There are 2 protein chains.
Amino acid sequence: MTGPDRLSLNQVTTKRWSLPDAVQGCVDAGIPAIGLWRDKVAETGVAEAAKLVRDAGLAVSTLCRGSFLTAPGPDGRRAALAENLRALEEAAELGTDTLVLVVGGLPDGSRDLPGARARVAELLAELAPHAGDFGVRLAIEPLHPMFCADRAVVSTLGQALDLAELFPADQVGVVVDSYHVWWDPELERQVARAGAGGRIASYQVCDWTLPLPADALLGRGHVGDGHIDFRALTGLVTAAGYTGWIEVEIFNEQVWDTPGADTLRTVVERHRAHLERA
Amino acid sequence: MTGPDRLSLNQVTTKRWSLPDAVQGCVDAGIPAIGLWRDKVAETGVAEAAKLVRDAGLAVSTLCRGSFLTAPGPDGRRAALAENLRALEEAAELGTDTLVLVVGGLPDGSRDLPGARARVAELLAELAPHAGDFGVRLAIEPLHPMFCADRAVVSTLGQALDLAELFPADQVGVVVDSYHVWWDPELERQVARAGAGGRIASYQVCDWTLPLPADALLGRGHVGDGHIDFRALTGLVTAAGYTGWIEVEIFNEQVWDTPGADTLRTVVERHRAHLERA
């Protein structure tokens, strides 16, 4: 079953909407869950945001996102820890069991990729028990390798799993985001591995479209507009035993400039066409 | 030893230069080898180009490049075979033992990545014995995953080696190009594997710089201008037993707009600073 009952709107997809707008939009479109962003939650206030989504009857699929873990030195480490603890606490208060974690790129001026990766593992070790205490899972999101220098030194599902498997499965999992992993020759094996270990904390979808825009972060398209075989990918994720939310997360200026209700209509249509029968 | 005696100029780095210009530029700069491009060779004529580089005392490190292998159907297959046979023949005539192979992306409108990858393996099987006959090695170049849809469905060194190892090492090898592989969490292991099997046919260098330009193909920087640790990478390649050319290949409009002699001066300086003592 991958029907609309499993569809979630990641609210960055309707970036111009406030959190109350996005909640109402989901209700109007019949979308049963939402993935929240901390900046939007902060605008509304955590307690008020939690009440809004609860009163609307929406589930909160994820909170995006923990802060980067790769800053060097004791100060960088302390700041990262504090910020991620706050994020865990917010996630718990918002009623989601999943905090998406983008681990960060190379520190300014550094070329030490192994060093940055080692810091990620160290900070995860400090954070994981707290995640357990909050009942929230840290979901490591491998980002596409084109973001390795500036956003995430974790680039593949296999690498994310190598990290996650150092900790209990209810404390650290992984995100399977179509945009970031679709190209990976190891995809089939690593999705199966993630499923077997109960590590798939989130399945996020958007499409790989070309050409890449000036800001490579914003090149993501609606499901079906690009080169990703969503039927095949969703088949892998389903075969791996994942039965959770399918969260649509699109960074794209044109999508953002579209009225939110229109975007949600497209999101629902594309879910039906490309994901529902996978 | 990674001194200037191992430096090669890939001629796309001085794209505005004709082949005779590039040959003379290398001689003037004391660069002992050149990587040629088929379009530049065609302007001069293969026999004349071969004579020019030979008379100048330059080695030809590589010929770039074989044509895409992923076109579907018998016509696409036949055309790819014919074009790559011509490229092998040219490589032999030019006196290089290495034909760089970029395997191609998804065919127009297709989302069938496994299918495209299967066609690459099929065509390699047809081409490999011919490569042996010509005394030229097919060097599979994994491209950065951001080119998976449009240029190369082979995205990692491990994947390239899985393909190469289906054939004798003197027929099919791999290219280690810093820009394409630097982010790979498997890098150390796969470079060692490539070296152990005698599969490193070429080591190409340029740097990962940000932001990515409008045309993502053209974002490569001079060695030292970006985020790649060339000392570490060259150390891995050297430890793997590679003693061949270190070829500088830069796609970048600003570099192309710089007078060629200035570019070559920078290339030599950066080689000394970042590669020579690795």
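1. In chain A, 56% of the 278 residues are buried. A residue counts as buried here if 20 or more other C-beta atoms lie within 10 Å of its own. Keep in mind that this is a predicted model.

2. Overall dimensions. A compact globule of 278 residues would have a radius of gyration near 19 Å, and chain A, with 17 Å, agrees with that. Along the principal axes, the C-alpha atoms of chain A fill a box of roughly 45 × 45 × 40 Å.

3. Contacts along the chain. Take the contacts in chain A with a separation of 6 or more. Of these, 78% are between residues 24 or more positions apart.

4. Secondary structure. Chain A has 11 helices and 10 strands.

5. The barrel. In chain B, eight strands close into a barrel. Their order is S1-S2-S3-S4-S5-S6-S7-S10, and the pairing is parallel. From one strand to the next, the twist averages 30 degrees.

6. Where S1 meets S10. Strand S1 of chain B covers residues 7-10, and strand S10 of chain B covers residues 246-248. The two run parallel and are joined by three bridges. For a specific pair to look at, take Leu7(B): its bridge partner in S10(B) is Ile246(B).

7. A helix on the sheet. Helix H5 of chain B, residues 113-134, packs on the sheet.

8. Symmetry of the pair. Two copies of a chain are related by a rotation about an axis and a shift along it. Here, a rotation of 180 degrees superposes chain A on chain B, with 0.0 Å of shift along the axis and an RMSD of 0.0 Å. The two copies are therefore related as by a two-fold rotation axis. Which residue of chain A comes closest to the rotation axis? Ala214(A) does, with its C-alpha at 2.4 Å.

Methods
Residues are numbered from 1 along each chain as its sequence is written. Chains are lettered from A and ligands numbered from 1 in the order in which they are written. This is a predicted model: local features need pLDDT of at least 70, side-chain atom pairs count only at pLDDT 80 or more; totals for chains, interfaces and linings use all residues. Copies are superposed by least squares on the C-alpha atoms of residues with pLDDT of at least 70 in both. Helices (H or I, at least four residues) and strands (E, at least two) are DSSP runs, numbered from the N terminus. The radius of gyration is taken over C-alpha atoms; the globule rule is 2.2 Å times the number of residues to the power 0.38. A residue is buried if 20 or more other C-beta atoms lie within 10 Å of its own, exposed if 12 or fewer, and partly exposed in between; C-beta atoms are placed from the backbone. Two residues are in contact if their C-beta atoms, placed from the backbone, lie within 7 Å. Two strands pair if DSSP finds at least two bridges between them. Axes are lines fitted to C-alpha atoms, for helices over the stretch in contact, and angles run from 0 to 180 degrees between N-to-C directions.
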